[in-house]
Amino acid sequence: MDFYAKIKDKEGNPKKYLIEVKPHSQTLPPTQKNKKSKNLIYQQAEYVKNQAKWAAAVKFSEQRNMSFVLLTEKHLLI
């Protein structure tokens, strides 16, 4: 995870977040549009690794009464 944040809601109750920041392209399954096979294999491996990592982060955060948030440049308006 990239960040841990503890933020109070409108009622003053603390909310805990685990935050991951990734490029939007890494949140989508790779496609083979004119990509070299070596690059495609790397992107597929990264995608599978990220999916497993995020599933574990969701489980971890739920067990600890937290929320997992995945942010991309689209969320950050970059």
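Glu 46 is buried, with a relative accessible area of 16%, where buried stands for under 20% relative accessible area, exposed for over 50% and partly exposed for anything in between (1.4 Å probe, protein chains only). The side chain of Glu 46 meets that of Lys 49 in a salt bridge, at 3.2 Å from N to O; a salt bridge here is a side-chain nitrogen of Lys or Arg within 4 Å of a carboxyl oxygen of Asp or Glu. Lys 49 is partly exposed, with a relative accessible area of 47%. Because Glu 46 and Lys 49 are three residues apart in helix α1, about one helical turn separates them. The model is a predicted one, in which local features need pLDDT of at least 70 and side-chain atom pairs count only at pLDDT 80 or more, while totals for chains, interfaces and linings use all residues. Residues are numbered from 1 along each chain as its sequence is written, and side-chain values use heavy atoms, with hydrogens and water left out.

The structure holds three salt bridges. Glu 20 is buried, with a relative accessible area of 2%. In its salt bridge with Lys 53, the closest N and O atoms are 3.2 Å apart. Glu 20 lies in strand β2 and Lys 53 in helix α1, so this pair ties together parts that are 33 residues apart in sequence. Lys 53 counts as partly exposed, at 33% relative accessibility. Glu 20 also forms a salt bridge with Lys 22, with 3.7 Å between the closest N and O atoms.

What surrounds Lys 22? Leaving aside neighbours within four places in sequence, Lys 22 is in contact with Asn 50, Lys 53, Trp 54, Leu 70, Leu 71, Thr 72 and Glu 73, contact being heavy atoms within 4.5 Å. Lys 22 is found in the loop between β2 (14–21) and α1 (37–63); these elements are DSSP runs numbered from the N terminus, helices being H or I of at least four residues and strands E of at least two. With a relative accessible area of 17%, Lys 22 is buried.

Turning to the strands, three of them form an open sheet in the order β1-β2-β3, with mixed pairing. The edge strands are β1 and β3, each of which pairs on one side only. From one strand to the next, the twist averages 35 degrees, taken from axes that are lines fitted to C-alpha atoms, for helices over the stretch in contact, with angles from 0 to 180 degrees between N-to-C directions. Strand β1 (residues 3–8) pairs with β2 in the antiparallel sense over six bridges; two strands pair if DSSP finds at least two bridges between them. On the β2 side, Lys 15 is the bridge partner of Ile 7, and Leu 18 is that of Tyr 4. β1 and β2 form a hairpin with five residues between them, and Gly 12 in the turn has a positive phi of about 90 degrees. β2 and β3 run parallel and are joined by five bridges, and Glu 20 stands opposite Leu 70 in β3.

Helix α1 lies across β2 and β3, running at about 150 degrees to β3. The helix has 27 residues and reaches 39 Å from its first C-alpha to its last, close to the 39 Å expected at 1.5 Å a residue, the expected span being 1.5 Å times one less than the number of residues. Which residues of α1 are buried? They are Leu 40, Glu 46, Asn 50, Trp 54, Ala 57 and Ser 61, and what covers them includes β2 and β3.

The largest nonpolar core is made up of five residues, namely Leu 18, Trp 54, Ala 57, Met 66 and Phe 68. Such a core is a set of buried Ala, Val, Leu, Ile, Met, Phe, Trp, Tyr and Cys residues joined through side-chain atoms within 4.5 Å. Not counting residues up to four places away in sequence, Leu 18 touches a list of residues including Met 1, Phe 3, Ala 57, Phe 60, Met 66 and Val 69.

Just after α1, Asn 65 takes a positive phi of about 55 degrees, although Asn 65 is not a glycine. Most residues other than glycine have a negative phi. Asn 65 lies in the loop between α1 and β3 (67–71) and is exposed, with a relative accessible area of 68%.
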